[in-house]
Amino acid sequence: MDISARVDYAVRAMLILADADAEASPPMSIETLSTRQDLPKKFLEAIFADLRRAGLVASRRGARGGYVLASPGDRISIGDVFRAVDGPLAEVRGLRPSETEYDGVARHLPDLWVAVRASLREVLDETSLEDLRTGALPDRVRQLLDAPDAWANR
């Protein structure tokens, strides 16, 4: 799985907003968000347009304007952020895994693609911004991290 720069930047910026929300800080400008995690400002502006359309952030106008989370951080999953900026978690040649169909020896391949999507959902949809911000990751995510080969490259 390739995690795009859009997803990486979006999650990092959303974590900043989650932290600001937890501290009851005022809205944050794109400039501030960009500086805090050394993210490209123009790219972040486009990402925030997607996050706003998805209802994950709200913008506030004015001298003290900027962005805030549209919901508390414990109600926004990493999967929500991923989908807002990159679309579905898993696609096979532009199709949803459940829409794929193969003949012959490959006839069971859709089952594998659906299982891959289900495993992504298990991690990304069960982990909230708040979980990630505090490091209090769900038990299943912790179990995956503790697997003997979890951190090994293959």
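Reader: Where is arginine 93 placed?
Author: This is a predicted model. In it, arginine 93 sits in the loop between helix 4 and helix 5.

Reader: Why is arginine 93 called exposed?
Author: Its relative accessible area is 65%. Exposed means over 50%. Therefore arginine 93 counts as exposed.

Reader: What is the phi of arginine 93?
Author: It is positive, about 50 degrees, although arginine 93 is not a glycine. Most residues other than glycine have a negative phi.

Reader: Which phi does aspartate 38 have?
Author: Aspartate 38 has a positive phi of about 55 degrees, and it is not a glycine. Its place is the loop between helix 2 (30-37) and helix 3 (41-53).

Reader: Is aspartate 38 buried or exposed, and how do you know?
Author: Its relative accessibility is 71%. The cut-off for exposed is over 50%, so aspartate 38 is exposed.

Reader: What makes strand 1 and strand 2 a pair?
Author: A pair needs at least two bridges. Four bridges join strand 1 (residues 57-60) to strand 2 (residues 66-69). Therefore they count as paired. The two strands run antiparallel. Arginine 60 stands opposite glycine 66 in strand 2.

Reader: How many residues lie between the strands of the hairpin?
Author: Five residues lie between strand 1 and strand 2. In the turn, glycine 62 has a positive phi of about 110 degrees.

Reader: What makes a set of residues a nonpolar core, and how many are in the largest one?
Author: The residues must be buried, of nonpolar kinds such as Leu or Val, and joined through side-chain atoms within 4.5 Å. The largest nonpolar core has 33 residues. Met14, Leu17, Leu33, Phe48, Leu51 and Val81 have the most contacts inside it. Helix 1 gives the largest share of this core, 10 residues.

Reader: Which residues does leucine 51 touch?
Author: Leaving out residues up to four places away in sequence, leucine 51 touches Ala10, Met14, Leu56, Val57, Val81, Ala84 and Val85.

Reader: Which classes of residue line the largest pocket?
Author: The lining has 16 nonpolar, two polar and one charged residues. Ile3, Val123, Leu124, Val141 and Leu145 lie nearest the centre of the pocket. Its volume is about 740 Å³.

Reader: Which helix supplies the largest share of that lining?
Author: Helix 5 does, with four residues.

How values were computed: Residues numbered from 1 in each chain as written. Predicted model: local features only at pLDDT ≥ 70, side-chain atom pairs only at ≥ 80, totals over all residues. Heavy atoms only, no water. 1 Å grid on protein atoms, 1.4 Å probe; cavity = no way out; pocket = protein on both sides within 12 Å on 5 of 7 lines; lining within 4 Å. Points joined across faces, edges and corners; volume = space filled by probe spheres on them. Nonpolar A, V, L, I, M, F, W, Y, C, P; charged D, E, K, R; others polar. Buried < 20%, exposed > 50% of the residue type's maximum accessible area, 1.4 Å probe, protein only. Contact = heavy atoms within 4.5 Å.
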